[in-house]
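Biologist: I have a new model open on my screen and would like to learn how to read it. Could you walk me through it with me asking the questions?

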Amino acid sequence: MATILNDVSRTFSEFLLVPRLTQKKHIPDNVSLKAPITRFKKGETPRLSLNIPFSAASMQSVSGESMAIALAKRGAAAFVFCSQSIEAQAEMIRNVKNYKAGFVQSDSNVTPSSPLAHAIEISKKTGHSTVAVTEDGTPNGRFLGILTDKDYWPKEDNLAIPVSEYMTPLEKVFFAESGITLHDANELLRKYRKDCLPVLTKDGLLESLVFRKDFIAHTQHPLELIDDEKRLIAAAGINTHDYHDRVPALVDAGVDVFTIDSSDGFSEYQAECALWIRERYGDEVVIGGGNVVSAEGFRYLAETAQLDFVKVGIGGGSICITREQKGIGRGQASALMDVVAERDKYFEETGIYVPICSDGGLSNDTQIIVALAMGADFVMMGRYFAMTDESPTPKTSIRGQMYKPYWGEGSNRARNWQRYSEGGASDGKMKFEEGVDAYVPIAGSVNDVLDVTLAKVTATMCNMGSLDLREFNEKAILTRISEQSFVEGGTSNVVTFENHKEDR
């Protein structure tokens, strides 16, 4: 007969935190939200950690390159969706990696004889106002000068005249030699009040460019998630069907982190995919996967699939209907607590810590806080980020209010049937949906929504006498609440200004 679990399948909204002693040192500025995203041995440092414990789901309506850039600048990650062509996804990853770097490979190049119109066309295409002039027009050709949008007036100057007539020639360009450190390069930019510093080889070939604006951007985002070359960390979703072709293309594009995207990740397909990647790329890339809702599922992905992190949650997303369509899943709080207990047990047995991502079931900031208190190393969200300006969908006005469309990867709109075919034969058509098509109100920019949420998280951690997420989890005391307790926690017996309308 079937095994029946005695505990009720619970959600985050059924819990509250009981405050602990707040000491004078417990202030938001002293709180660290750093969270590991790779497995590591006891006493060792994780290969990669998020600087804030947030990630955006691998969904068409959530994680495009703009979201990936915005979150990496804040210290988080967005998993660029895989329900698109390999070439399109690789291009998104490449754009994230090229967005900002210490030493930038020039992507806007012309020869001295190129007409000014050609240089302007390249600037419009790349979005970069600085064009390098090389002998052969290549990124690493012999450097002859530099052209910026300050050197010409598009509507006034003769666009047919060669670039050589407008550029600043080599002898008037301030440059550095190959081998200079990024720190020293930035110091030169500051000292000589320059916007761009070309770095040349001893033979006069263009090696790279260093920009003042990149340094300023870095100071404005001290927690930005970057690699050893000062490039933004890029993450991508993949599936278990075309990874033999998709993964190499994404690695070539510079991807740092993978998540194997599946509504149910407790499968041999996922283990085969993860081990294939690990065999070919070792620790060069981070590999996460899921989703699971049980200790058994976590143990399989941590032990057999050797994943760096494991995602928890089935059917808890705001547009996910897997539970009602297939009858599988579990209340997100119950699933997370079960998996966290198994993670800690696995750590005690092996000395290996495998981070957990709580994916879905988070309808407000309080529930994010509860998930972290329960032991999630970081959370993954769809709707939360779909409501921001940086999500890839267009703004739509409905009865005077601005919305954005939001749909599940298991919906017909996503046309992502491969993700759900579970390895069997398929005619390319979805037999049923596991996600719906909806709209969400626009909440503002990623920075706007994160600022509020992070303020709440750090304030709560201070209430719990905690200065980091590990201490937060260890000190957390959670109490279940009744329906009346839930009502009591809201406003009551008052008239709020938002709901009170005077007769005029």
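Modeller: Gladly! Let's begin with a term: two strands pair if DSSP finds at least two bridges between them. Keep in mind that this is a predicted model. Here, 4 bridges join E14 to E15, which run parallel. Within that pair, Ala235 stands opposite Val257 in E15.

Biologist: How does the chain cross from E14 to E15?

Modeller: It passes through H6 on the way, and this β-α-β crossover is right-handed.

Biologist: Which way do the side chains of E15 point?

Modeller: The general idea comes first. In a regular strand the side chains alternate between the two faces of the sheet. In E15, Val257 and Thr259 point one way, Phe258 and Ile260 the other way, and all are buried.

Biologist: How many strands close into the barrel, and in what order?

Modeller: There are 8, in the order E5-E6-E14-E15-E16-E17-E19-E20, with parallel pairing. From one strand to the next, the twist averages 25°. Helix H2 (residues 86-99) packs on the sheet, where it touches strand E6 (77-80) and strand E14 (235-238). The direction of H2 makes about 165° with that of E14. Helix H10 (residues 332-350) also packs on the sheet, touching E16, strand E17 (309-312) and strand E19 (356-359). For H10, the angle with the direction of E19 is about 175°.

Biologist: Now the helix between E14 and E15. Which residues of H6 are buried?

Modeller: An α-helix has 3.6 residues a turn, so residues three or four places apart point the same way. In helix H6 (residues 243-253), the buried residues are Tyr243, Arg246, Val247, Leu250, Val251 and Ala253. They sit on the same side of H6 because they cover an arc of only 155° around the axis. On the other side of H6, Asp245 and Asp252 are exposed.

Biologist: What covers the buried residues of H6?

Modeller: The cover includes H2, E14, E15 and helix H7 (268-281).

Biologist: And what follows H6?

Modeller: Gly254 does, and its phi is positive, near 110°.

Notes. Residues numbered from 1 in each chain as written. Predicted model: local features only at pLDDT ≥ 70, side-chain atom pairs only at ≥ 80, totals over all residues. Heavy atoms only, no water. Helix = DSSP H or I, 4+ residues; strand = E, 2+ residues; numbered from the N terminus. Axes fitted to C-alpha atoms, helices over the stretch in contact; angles between N-to-C directions. Contact = heavy atoms within 4.5 Å. Buried < 20%, exposed > 50% of the residue type's maximum accessible area, 1.4 Å probe, protein only. Arc of directions from axis to C-beta. Right-handed = clockwise from strand over helix to strand, strands pointing away.
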